[in-house]
Amino acid sequence: MTEVLKELAHYRMEQAREAARAARALIRDGLLRDSVNRSYYAMFYAVSALLATEALGTSRHSAAISLFDREFIKGGRVSRELSRWLHAAFEKRLAADYAEGPVVVLPEEAETFADQAESFVAAVAAYLQGIGL
């Protein structure tokens, strides 16, 4: 892996950690829909870090998720649970950000997404550490 890709992976993980912290702060402020957005982005940035290790990338979220599933879930490199969390957060984020009507995010739902985002980021960090990053 090139130095540029290593730096990109590190940068994406920094973004992932910041987004996870922001999700918690938004919950404290009662901004639950925004918290779901940040929880999803914490996972997405972590996925982007993983994809960088394989010199893979895309500008489309759905394509990045598909690459993650193909390269890291089906390959057994990370837990299937991560894929379930990512897909659920992606769908809820789309609804919360783009629905034409009101979308309700319950406090316990926002907490669950934030918990999953933190666990997702930690799992990716452990994987990266295991491959020497």
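**Stop one: a loop**

Select Glu100, which sits in the loop between α4 (80–98) and α5 (107–130). Helices here are DSSP runs (H or I, at least four residues), numbered from the N terminus. This is a predicted model, where local features need pLDDT of at least 70, side-chain atom pairs count only at pLDDT 80 or more, and totals for chains, interfaces and linings use all residues. Residues are numbered from 1 along each chain as its sequence is written, and side-chain values use heavy atoms, with hydrogens and water left out.

Is Glu100 buried or exposed? Glu100 counts as exposed because its relative accessibility is 87%; the cut-offs are under 20% relative accessible area for buried, over 50% for exposed and in between for partly exposed (1.4 Å probe, protein chains only).

**Stop two: the core**

Now pick Tyr40, Phe68, Leu86 and Phe120, the residues with the most contacts inside the largest nonpolar core, which has 44 residues. Such a core is a set of buried Ala, Val, Leu, Ile, Met, Phe, Trp, Tyr and Cys residues joined through side-chain atoms within 4.5 Å. Its largest share, 14 residues, comes from α2.

Zoom in on Phe120: beyond its neighbours within four places in sequence, its contacts (heavy atoms within 4.5 Å) include Met43, Trp85 and Leu86.

Next, color α3. Its buried residues include His61, Phe68 and Asp69, and the buried residues of α3 pack against α2, α4 and α5.

**Last stop: Ala55**

Find Ala55 in the loop between α2 and α3. Its phi is near 55 degrees, a positive value in a residue other than glycine.

Definitions and conventions: Helix = DSSP H or I, 4+ residues; strand = E, 2+ residues; numbered from the N terminus.
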